[in-house]
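Please examine the structure shown below together with its sequence. The report that follows describes selected residues, helices and surface patches.

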Amino acid sequence: MRTLKTDIIPKQQTFVKVKGEHLLNYEAICVFAAIGFFLDDDTYYKDEVCLRPGTINTIDESGYLVKSEPWFNWYYAPRAISFEDVLEEFTVLFESIIDQQVEDKKVILPLSGGLDSRTQAAALQYLNKNVEAYSYSFENGYNEANLSKQIADICKFPFEAFKITDGYLWDCIDQLSKINGCYAEFTHPRQMAVIEALKPKGELFSLGHWGDVLFDTTADEQLSDQEAVNLILKKIVKPGGLQLASALWNSWSLEGDFELYLRERVKSLVSRIHIENSSAKIRAFKSLYWAPRWTTANLSVFESVHPITLPYYDDDMCKFICTVPEAYLADRKLQIAYIKKRNKNLSKIIWQEQKPFNLNNYKYNKLPYNLPYKISNKLYRIFKSILGKSYVQRNWELQFLGEENSKRLQVYLYDKVFTNLVSKEIIDDIYEGFKIENNVKYSHPLSMLLTLSLWYKNNN
């Protein structure tokens, strides 16, 4: 017998066998198609599970899971404490975590126009770490790398900007499918486009994943259990996801109705979380089921190049969050206050989610104050369209739009082996919907079909 202990938010998925027949878990695959990640401990097969976060697991000599018990349960115990004291506690904790994680190694820091990596940049600079930063922007899209460069320049980090170009996925899709095991769709990990260029940059990554969930509220008001389930479903079900999942469910002659099945699954998982505060409860749900199965899945891309560190994934950070009053987490207050404390100049750079405003004036991102930007941005997109250059906002636009992308995509969608799993009628319905009806709505189901095709090809 051996035991495996998983972190509160694991940075790797660990798969083990359970007793049963080696059959496809069609219900789980339908959920995957709808939301983009496997729920709870589900995998592609009924005799295999993914170890749950925050558990101690007993594995027998044959490699089968015989017992799994939680060592950590998410909770909400807000302390009677001032914001200034919480900020000081966060400062000490965050910087100690980063210091212990990176030690004296050369750090590779992916930067964005948001707050998570900016908070890391402030800490890494204050700790005088050896950092090389980079960022990327979509070809013909918003120049996010410009904001990242400003952050790097203030912190005096060497910096490189990359362009994510049209159709890059097709040159690396087989490699990506093996790296992430097809446990996440392929149109999100932009880092795959520059993976070779990252190899010589440093010794380890410091990644900012999950900071935006831990350091913000997830519900604006107290919700009933039913309302909480509704909100979670609204957040996790992707556009077009229900259509594809229901079509697969019916084609595989599964019992009952898919939407009801998914709702009952989510309701059951929510009921396991014994937290009254709705925001803290939904944060716990996301950290238990979304982070380990979606966010973590593509961390393997970074890890294929260098070791990874994640300060927001740290066990002590998760425990700290459980004791912070929600009011102090709302509107990213703690991160903003920390950035201003360590480097006020970083607060003057545009906050991408609130553009064109920064950390000092983002509350003016409302009418009439943001009207000039809205008008100028609209005119810019019209101008780009006139020039025949569509304004790219999402990764799938670089992979699925255009004649050449269409040819490469169809090779995988209409692979003869894949049509043994998913009928040509379902593929036609999704692909025609993407091309003719609404490419935004059908981009997710199309991406899921591509992911399933690669998985099926690799396993049959």
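Helices (H or I, at least four residues) and strands (E, at least two) are DSSP runs, numbered from the N terminus. Apart from neighbours within four places in sequence, Gln191 is in contact with Tyr136, Asn298, Val301 and Phe302, where contact means heavy atoms within 4.5 Å.

This is a predicted model, in which local features need pLDDT of at least 70 and side-chain atom pairs count only at pLDDT 80 or more, while totals for chains, interfaces and linings use all residues. Residues are numbered from 1 along each chain as its sequence is written, and side-chain values use heavy atoms, with hydrogens and water left out.

## Thr296

Thr296 is found in the loop between α11 (278-295) and α12 (299-303). With a relative accessible area of 3%, Thr296 is buried. When its neighbours within four places in sequence are set aside, Thr296 is in contact with Pro10, Lys11, Gln12, Gln13, Ala291 and Tyr313. Thr296 and Ser82 are 214 residues apart in sequence, and their C-alpha atoms are 33 Å apart in space.

## Helix α1

Helix α1 comprises residues 26-35 and is mostly covered, with 8 of its 10 residues buried. The buried residues of α1 are Ala28, Ile29, Cys30, Val31, Phe32, Ala33, Ala34 and Ile35. Their cover includes α8, α9 (241-251), α10 (258-271) and α20 (439-458). After α1 comes Gly36, which has a positive phi, near 90°.

## Strand β8 and Phe159

Phe159 is part of strand β8, which covers residues 159-164. Its relative accessible area is 22%, so Phe159 counts as partly exposed. Although Phe159 and Ala133 are 26 residues apart along the chain, their C-alpha atoms are separated by 4.7 Å. Beyond the neighbours within four places in sequence, the residues in contact with Phe159 are Ala133, Tyr134, Ser135, Ala145, Ser148, Lys149 and Ala152.

## Salt bridges

Side chains of opposite charge can pair when their charged atoms come close. The structure holds 22 salt bridges, each defined as a side-chain nitrogen of Lys or Arg within 4 Å of a carboxyl oxygen of Asp or Glu. One of them joins Arg79 and Glu89, whose closest N and O atoms are 2.8 Å apart. Because Arg79 lies in the loop between β5 (65-70) and α2 (83-102) and Glu89 in helix α2, this pair ties together parts that are 10 residues apart in sequence. Arg79 is partly exposed at 31% relative accessibility, and Glu89 is partly exposed with a relative accessible area of 30%.

Which side chain meets Lys106 in a salt bridge? The partner is Glu132, at 3.1 Å from N to O. This pair links distant parts of the chain, 26 residues apart: Lys106 is in the loop between α2 and β6 (107-110), and Glu132 is in strand β7 (residues 131-138). Lys106 is partly exposed at 26%, whereas Glu132 is buried at 16% relative accessible area. Glu132 also forms a salt bridge with Lys201, with 3.1 Å between the closest N and O atoms. Since Lys201 lies in the loop between α6 (195-198) and β9 (204-206) and Glu132 in strand β7, this pair ties together parts that are 69 residues apart in sequence. Both Glu132 and Lys201 are buried. Elsewhere, salt bridges that share partners join Asp40, Asp41, Arg52 and Arg272 into one network.

## Surface patches

Patches are made of residues with over 30% relative accessible area and no salt bridge; like charges are joined within 9 Å, and nonpolar side chains (Val, Leu, Ile, Met, Phe, Trp, Tyr) within 5 Å. Asp220, Glu221, Glu227 and Asp331 form a negative surface patch. Asp220 lies in the loop between α7 (211-214) and α8 (225-236) and, at 82% relative accessibility, counts as exposed.

A nonpolar surface patch of about 390 Å² is made by Leu367, Leu371, Ile375 and Leu379. Accessible areas come from the Shrake-Rupley method with a 1.4 Å probe, and for residues only the protein chains shown count as cover. Ile375 lies in helix α16, residues 371-386, and is partly exposed at 45% relative accessibility.

Note on methods: Lys and Arg count as positive and Asp and Glu as negative; His and the chain ends are not counted. The place of a charge is taken as NZ of Lys, CZ of Arg, CG of Asp or CD of Glu. Buried means under 20% relative accessible area, exposed over 50%, partly exposed in between (1.4 Å probe, protein chains only).
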